[in-house]
Protein chains: 2
Amino acid sequence: MAQLVHKEVEVIEIGTPLNKAVGMLAVSTIRELCPDKLILADIKTPDVGGLEAQLAFDAGADWMTVLGAAPLDTVRLAFEEASARPGKEIFIELTGIRDILARAREWRDIGVERMVYHRGWDEGNLSRSWGQQDLDTIRELIDMGFKIAVAGGLGLDMIPFFKGVDISVFVIGRAIRETPDPAATARQFRAEIDRYWGSASG
Amino acid sequence: MAQLVHKEVEVIEIGTPLNKAVGMLAVSTIRELCPDKLILADIKTPDVGGLEAQLAFDAGADWMTVLGAAPLDTVRLAFEEASARPGKEIFIELTGIRDILARAREWRDIGVERMVYHRGWDEGNLSRSWGQQDLDTIRELIDMGFKIAVAGGLGLDMIPFFKGVDISVFVIGRAIRETPDPAATARQFRAEIDRYWGSASG
């Protein structure tokens, strides 16, 4: 899939179950196939933040995710590991967090600048969809100084939903992967994003 | 390490960073080396619960952990995957959860019976130790019907701390691994546990 779509995207995400299945080989293989792309290792680190950040960055990831539910010490250790390496950054991943705004202040105090606002796969399949409350929370997080990536069940029809909100990264999985021509679909997403945000997103 | 200590223990745990590093190969390798031991795959599933449970059980794990912060749908899907396979069970892993008792009721409603009460690695190294509040919470969880495994920074001197509490599994890592004779140390833990709980724990 990376070989099919890499010319159309800026970032390639390694999903959590793929990492669980084959380890950091998933990251190092994509790094070899796509040397000039940003790689987001979505490994949702829950603990042992320094070591897991080291594993991800050593394998070639530019960005890795730390679980929002992780202890603050874990966030701090992963952040320190990233800060010591040029171009490396951590994202807080919000799966399952109920008190986002209260915790967000703690993460900002550590120095974290990025976040994946995520509607979980299981939630998306079974009971939860995007709503006005998500948009309001995202706006508050941006006001606090975060750059927000959005992820989870995003189809082409959902892009205008975020209109007027300064989204930093759209993480699109199934809606590209499960189409007959993933490269063409990725181009459609690119065009739709450019339509609302211009071509200078980042 | 598994080869050194497997005769002295009932359960071998695959830790989260090892799984992140090499994937389910860590589980299948231990399954091959130790065909008659229980394997706990501590993969702290945060989402996509059905698939991650399937990966762990297919690789040979008897038990796997689901993150307490995971959405309830994720817990439910992992639980259903385990329930469909004889002898397979899920543990809720409590890293970073602040409202344990409120959530515990939701997990019991799904049917979950086991839990890892965990003092995180990073917390243990930096700022948190075991205390009376942990014991009180563990007692309440046992009263609710849970079987409790304890994990995190447990040395031989900590075993008596749990005296009188019906702990189901002690997860010991560094305190066995980082000793000159890990097998002898594991035997010492076994003797200390038997001293307080008899030899019929499970």
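In this predicted model, 34 residues of chain A are in contact with 34 residues of chain B, contact being counted when two C-beta atoms, placed from the backbone, lie within 7 Å. To the side of chain A that touches chain B, α2(A) gives the most, with six residues, and by class that side has 18 nonpolar, nine polar and seven charged residues. Here Ala, Val, Leu, Ile, Met, Phe, Trp, Tyr, Cys and Pro count as nonpolar, Asp, Glu, Lys and Arg as charged, and the others, Gly among them, as polar.

Within chain B, strand β3 (residues 63-67) is mostly covered, five of its five residues being buried, a term that requires 20 or more other C-beta atoms within 10 Å of the residue's own, with C-beta atoms placed from the backbone. Trp63(B), Thr65(B) and Leu67(B) point one way from β3(B), whereas Met64(B) and Val66(B) point the other way. Helices (H or I, at least four residues) and strands (E, at least two) are DSSP runs, numbered from the N terminus, and two strands pair if DSSP finds at least two bridges between them.

β2(B), helix α4 (residues 49-59) of chain B and β3(B) make a right-handed β-α-β unit, meaning that, with the strands pointing away from the viewer, the path from the first strand over the helix to the second runs clockwise. From β3(B) the chain crosses through helix α5 (residues 72-83) of chain B to β4(B), and this β-α-β crossover is right-handed.

Residues are numbered from 1 along each chain as its sequence is written, and chains are lettered from A and ligands numbered from 1 in the order in which they are written. Local features need pLDDT of at least 70 and side-chain atom pairs count only at pLDDT 80 or more, while totals for chains, interfaces and linings use all residues.

Note on methods. Buried ≥ 20, exposed ≤ 12 C-beta atoms within 10 Å, placed from the backbone.
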